[in-house]
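Here are some notes to read alongside the model, for someone opening it for the first time. Take the points one at a time and keep the viewer open.

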Amino acid sequence: MPDGPLIVQSDKSLLLEVDHPRADECRRAIAPFAELERAPEHVHTYRLTSLGLWNARAAGHDAEQVVNTLIEYSRYPVPHALLVDVAETMDRYGRLTLHAHPTHGLVLEASDRAVLAEVLKSRRTSGLLGERIDDQTVVVHPSERGHLKQVLVKLGWPAEDLAGYVDGEKHPIALTHDAVPIGGGPIKHWELRPYQAQAVDAFWYGGSGVVVLPCGAGKTIVGAASMAKSGTTTLILVTNTVSARQWKDELIRRTTLTEDEIGEYSGTRKEIKPVTIATYQVLTTKRKGVYSHLELLDARDWGLIVYDEVHLLPAPIFRMTADLQARRRLGLTATLVREDGREDEVFSLIGPKRYDAPWKDIEAQGYIAPADCVEVRLTLPESERMTYAIAEPEDKYRLAATASGKNRVVSRIVETHPDDQVLVIGQYLDQLEELSAHLDAPLITGATTVRERQRLFDAFRSGEVSRLVVSKVANFSIDLPEASVAIQVSGSFGSRQEEAQRLGRVMRPKADGRTAHFYAVVARDTVDQDFAAHRQRFLAEQGYAYRITDAEDFDPA
Amino acid sequence: MAERCARQDTPARRAAPVGPVGRGATGRARVRTTSSGGRARSIVRMSTFPEAVRALTDDALVAVLRARPDLAYPSPSTLRSLAARAASRTSLDRALARLDTPTLQVLGALVTLSRSGRAPGGTPSDDAGRPPLPTVTADDVAAAVGATTPDDAAAVDAVLARATAQALVWAPAPGAVAPAPGLDEVLDPVAPTPLPERWSPVPPAPVDPRPLPTAVVDAEAAGAAVEAVRLVDTLVRAWQDAPPPVLRSGGLGVRDVHRTARLLEVDDQVAATVIELAAGAGLVDDDGEDPPSYVLTTRADAWDEAGTAERWGMLATAWAGTRRTPWLAGTRDEKGALRPPLGTGLSRGWVPRLRTQILTALATLGPIGVRPADVCADLAWRSPRAVPPESAVTGLLAEAALLGVTGAGALATTGRTMLDLLDPDGASTSSPGGDAEAVLAATLTTILPEPVDDLLLQGDLTGVVPGRPSHELVRLIEDAAEVESRGAATTVRFTPASVTRALDAGTTADDLLATLSRVSRTPVPQALDYLVRDTARRHASLRVGAAGSYVRAADPAVLTGLAEDPRLAGLGLIRLAPTVLAAAVPAAAVQSALRGRGLAAALEGPDGQPLGRLAHPARIERGGARLLRAAYHAPGPASDAERLALVGQLRIADGGGRRSPFASTAGGTAGVSGPALARAALAAAGRTGPPSGPTPSAGAGTITPGDALALLRDAVRDGGHVWLHLVDGRGQPLRRRVRPLRLDAGRLRALDTQRGSELTVAVHRIAGVDPDDDPGD
């Protein structure tokens with residue numbers, strides 16, 4: 001015990017020393033109940049949360065196991081209060097159960113009457129629960145199953161959901177292990193990577209939940225494999241049309257599904273097929289004050305619902321999804337951080353985190369390209385500093401982010417990577433237009449038609465075009481396997497997930513094993529720099545150590 | 001008074017003799033010996049309680065007096081009166097309050113048996129010499145309380161022996177036992193004491209005990225101890241920079257408590273405890289100034305130099321003996337006023353005794369996670385007739401946990417050591433700075449984890465100390481990083497603000513990086529290196545300073561040489577920019593000095609426009625110059641003749657060369673003795689005196705109001721005496737020798753020691769003050 005790899009702090013954080021010989025063993029032991037919070041080079045920080053402990057209970061771990069694990073790996077005596085708290089927290093789980101009653105339908109049953117009384121008394125549960133059957137059982141409106149679970153978690157009495165899932169309409173789907181690679185070429189054999197298989201198993205065992213994998217680690221394949229496991233009709237919700245097309249292509253290549261079986265439900269097309277891919281946007285479109293496309297959710301007896309990029313789930317979807325609790329739900333994301341702090345709602349509506357792999361682990365296994373992150377600091381010229389100094393606070397970020405000197409820095413960086421496919425990513429259209437002209441590179445923005453986007457992306461993939469200037473439309477879900485350099489000139493303020501997603505654009509493993517480069521060009525001594533520091537936090541916590549260089553001495557390394 | 005007694009007789013306490021107790025039914029030997037007397041002594045058959053008391057050996061009597069100190073104060077005239085007092089209601093009540101459950105059960109049974117007619121007892125109304133049979137025996141009592149096993153019977157025996165040693169039980173005949181007269185009434189004045197339902201020779205076991213490994217208990221105690229030291233240290237540093245004011249009624253104001261709590265990142269209750277700890281250890285104290293504030297004492301110097309364990313020793317020793325009740329801070333007293341921390345309303349005489357009882361209870365309960373309710377139950381068993389309030393028990397337990405005397409609810413090694421240093425009434429056996437501190441510090445050292453010298457630096461600008469940080473690391477972390485999590489390990493984050501703090505403290509970027517790379521096993525991450533250098537680059541780019549005035553010129557050449565000119569050195573000129581000099585003195589002084597050098601300097605206003613002639617001579621900056629202003633207005637000797645007279649008075653006052661204790665501080669005029677100063681201001685006092693009344697008697701002397709107040713303040717602080725010249729309501733002058741207690745709100749509260757009364761005087765009625773050098777009181 002005195003030489004364990006883990007230090008248990010009384011504030012419920014767990015510090016895991018990575019270089020310790022027993023670190024891996026320990027990581028596996030604590031993973032079921034502790035949330036990985038930060039994963040920098042030497043010491044990873046995990047945190048014990050109520051939700052995490054309850055998820056562990058749901059997955060069949062008991063308090064004793066948790067306590068023993070902590071004691072076994074801890075270097076110092078474990079704070080007693082923490083152990084007591086772990087036991088008490090885990091004991092709260094399962095006092096309430098949700099299950100299907102033969103006559104009353106969905107019911108909430110309590111093994112502890114006082115708990116049920118407390119829950120019934122709470123104002124939050126009003127309207128969610130129906131009549132009382134006896135002093136331990138109460139009817140639940142089936143449509144409020146998700147909402148009720150969410151409320152119960154907030155009340156501190158999480159319900160164990162034993163009501164199960166509807167099977168859904170059967171539809172055979174299988175993985176084909178021979179696929180044509182994306183750029184064309186001979187058919188290649190492929191298998192699920194070990195972590196993908198683990199993720200699918202973890203999801204399937206848990207029934208519903210979120211799988212967190214780094215960008216470029218093959219989340220689509222986890223989706224496809226889950227569909228194959230389910231073997232049912234599936235509704236896939238994605239962020240935009242381009243992404244919908246990519247899903248479709250990928251499914252056709254990797255599974256037995258044919259083009260006819262996959263429908264696209266977007267602004268332009270409204271197909272409902274055994275496997276339907278819909279965009280968040282179309283679902284949240286309101287016509288005359290009502291969501292007109294909600295019927296899609298009930299259009300078929302879906303057996304599985306996949307949420308791509310679940311961290312972007314818009315708030316209305318939260319509400320709509322609440323009554324889909326009887327169906328299996330799979331959430332996919334690389335960065336479950338939301339600046340609106342609604343991570344918990346994602347967990348309670350879609351399900352707990354079922355699988356999470358630190359980016360650096362996947363990188364070490366060679367499935368994503370190693371990346372070199374550099375922050376380039378640009379000193380503004382005197383005149384711009386004066387303009388900045390007297391600008392209104394709300395204009396400062398825009399001023400700093402679009403500093404004209406950035407164009408020069410970007411072109412110098414581009415020059416140092418003559419053989420790479422370079423993406424320049426930014427937030428402000430006028431800045432991007434300038435850059436596009438400056439670099440003589442095509443520009444893709446929200447205004448670019450889907451057809452044009454597809455064309456440009458294809459050209460970029462095939463190497464016809466080696467530089468591309470893109471707005472935030474390319475933040476997510478755009479597969480550009482050969483892109484190896486990304487230059488970020490501006491972003492949406494301090495968004496951590498945006499930064500990570502943008503890095504993700506260049507993280508597909510390269511054919512020649514090249515290192516990917518990610519540059520963030522930042523104006524020194526401005527809010528741009530402060531936002532950059534915040535944006536980098538997620539990646540820094542994943543172990544991507546940013547190098548900071550001055551634009552002046554930017555050295556073609 | 002009882003407490004004083006208790007303290008006085010402690011040295012011999014542990015030598016309590018075993019009293020004479022017999023067990024008739026078994027027919028075993030009747031005769032016991034006193035253990036401490038050394039002489040075997042047979043028990044004489046006697047029939048009354050006073051007789052029994054009189055027959056006690058000297059040692060036994062000493063034991064009685066020791067166990068019941070109230071019997072000796074005031075000293076009784078005869079043994080008979082001692083016996084009467086021992087049977088008095090008040091004394092018995094006191095004695096019973098200290099008895100534990102089995103003793104009370106035994107006494108209750110004895111009283112009941114004696115009442116039921118089986119024994120005549122020894123009530124004072126009994127005639128001497130009346131045959132005392134049949135009697136109650138120890139076995140009867142044992143049977144009555146339900147003590148059936150031989151062990152239980154032995155326990156009853158022991159209880160009776162202890163009760164006898166306290167003169168609560170006596171032996172009317174060999175083998176017989178009887179309650180002291182009056183005991184029946186005290187035990188239960190109305191109904192006969194019912195026999196106990198359950199014989200409870202041992203304290204109740206805690207409900208649902210959670211056994212704890214000693215290592216866990218000690219580790220948590222050590223963690224708490226380190227944290228307590230850190231909290232006090234943070235407080236001391238903060239108060240050093242900004243001493244909080246003392247409330248008019250004493251104590252620390254609510255806002256300052258909140259502020260301290262925010263600073264320490266704890267709630268108000270814990271903050272109050274920490275504040276009381278710091279004050280208890282003598283690190284901060286009321287400075288007695290006007291207005292008074294809490295400032296650091298010289299003991300804080302020792303604190304600064306001490307290591308963690310020594311510091312903890314200081315805190316623990318102070319806590320072990322304190323009578324303060326920080327848990328009452330923030331509650332309201334009978335008048336509805338808030339009790340502030342450090343206020344007088346928080347002292348309770350019973351605290352030390354209760355603390356010892358609690359620690360004893362914890363020691364008995366052993367290494368289990370103890371809840372306050374368990375301790376209360378234990379204490380209720382120990383003294384059922386004087387159960388301490390639960391809030392006090394909870395409060396003391398919280399303090400013990402905070403200080404690291406307990407860990408996870410159980411008594412830690414540190415707590416055991418502390419208990420060994422305490423006597424039963426809670427008086428600490430050592431004074432501050434003495435052995436106790438060293439012993440406690442040494443004990444803490446044995447349970448503190450080894451300090452760690454490593455700081456693991458990471459690319460996300462965080463760092464982790466995987467253990468208890470060493471002294472050097474603590475300093476580094478405090479100076480240059482924000483702590484994110486404390487406990488067995490410490491995690492920190494470096495931010496521009498934290499690095500700025502380190503740079504403010506005088507570190508340079510290179511020093512800081514050198515230190516970081518020395519404590520880190522891995523190279524300093526590039527991001528951190530850049531952060532430090534970048535912060536240093538921006539550090540101090542804006543600078544703020546104080547200046548009295550400035551000199552500016554359109555032509556830099558005019559200013560050249562002025563700052564270096566020795567004749568202008570008194571102006572404190574600094575060149576800020578080619579055309580601007582800053583001066584330390586007011587504008588008028590600079591102007592005249594420059595003119596003296598032949599430079600035509602013009603004054604300008606805040607708007608940069610020339611002012612022309614300055615209407616007033618140099619004005620003194622508002623605030624911070626009160627003394628100077630007083631000096632300007634103080635009437636001073638105008639001619640040499642007057643100066644000579646003053647010198648003469650000084651000589652007379654100095655008399656035998658004895659200097660007044662106030663001399664050095666009175667009125668801020670160092671080197672002039674108090675009375676002399678007072679007389680020097682004679683004329684002024686005459687002016688302030690009432691127009692109708694006669695001037696104070698010649699030679700008594702009075703002084704200017706400011707000096708009078710200064711003298712009074714000194715006297716309040718030093719607890720000294722002064723002669724007060726007053727003017728009463730009818731305009732008559734009075735002269736009183738008093739000890740000033742408090743000076744505020746325009747009133748002086750003082751103790752007239754000769755008359756033994758306290759008087760409150762409005763300051764404007766004080767015509768003068770003379771220091772009184774006579775220490776006799």
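Predicted model: local features only at pLDDT ≥ 70, side-chain atom pairs only at ≥ 80, totals over all residues.

1. Helix α10 (residues 214-241) of chain B packs against helix α14 (residues 308-321) of chain B, with axes 9 Å apart and an angle of about 80 degrees between them. Angles from 65 to 115 degrees count as roughly perpendicular, so that is the word for how α10(B) and α14(B) sit to each other. On the α10(B) side the contact uses B:Ala225, B:Val226, B:Ala228, B:Val229 and B:Val232, while α14(B) brings B:Thr308, B:Arg311, B:Trp312 and B:Leu315. Sorted by class, that contact has 7 nonpolar residues, 1 polar and 1 charged.

2. The largest nonpolar core has 233 residues, and the ones touching the most other members are A:Val211, A:Ile487, A:Val521, B:Ala225, B:Ala278, B:Leu315 and B:Leu403. Which helix gives this core its largest share? That is α10(B), with 14 residues. B:Leu403 is worth a click: leaving aside neighbours within four places in sequence, B:Leu403 is in contact with B:Ala224, B:Ala225, B:Ala228, B:Leu315, B:Ala316 and B:Trp319.

3. Strand β17 (residues 722-727) of chain B runs antiparallel to β21(B) and is joined to it by 5 bridges. To find your place in that pair, look for B:Trp723, which stands opposite B:Asp770 in β21(B).

4. Over to chain A. Its secondary structure comes to 21 helices and 27 strands. Of its 557 residues, 48% count as buried. Among contacts in chain A with a separation of 6 or more, 72% are between residues 24 or more positions apart.

5. Chain A has an open sheet of 5 strands too, in the order β7-β8-β6-β5-β9, and the pairing is mixed. β7 (129-134) and β9 (159-161) of chain A are at the edges with a single partner strand each, so one side of each has no neighbour in the sheet. Neighbouring strands are turned by 30 degrees against each other on average, direction ignored. β7(A) and strand β8 (residues 137-140) of chain A run antiparallel, joined by 3 bridges, and A:Asp134 stands opposite A:Thr137 in β8(A). Helix α5 (residues 113-121) of chain A lies across β5 (96-101), β6 (105-110), β7 and β8 of chain A, at about 120 degrees to β6(A).

6. Last, where do the chains meet? The contact takes 25 residues from chain A and 26 residues from chain B. On the chain A side, the elements giving two or more residues are β1 (6-8), β2 (13-17), α21 (527-541) and β27 (547-550). That side of chain A divides into 12 nonpolar, 5 polar and 8 charged residues.

Definitions and conventions: Residues numbered from 1 in each chain as written. Chains lettered and ligands numbered in written order. Contact = placed C-beta atoms within 7 Å. Helix = DSSP H or I, 4+ residues; strand = E, 2+ residues; numbered from the N terminus. Nonpolar A, V, L, I, M, F, W, Y, C, P; charged D, E, K, R; others polar. Axes fitted to C-alpha atoms, helices over the stretch in contact; angles between N-to-C directions. Parallel < 35°, antiparallel > 145°, perpendicular 65-115°, else oblique. Buried ≥ 20, exposed ≤ 12 C-beta atoms within 10 Å, placed from the backbone. Core = buried A, V, L, I, M, F, W, Y, C linked by C-beta atoms within 7 Å. Pairing = 2+ DSSP bridges.
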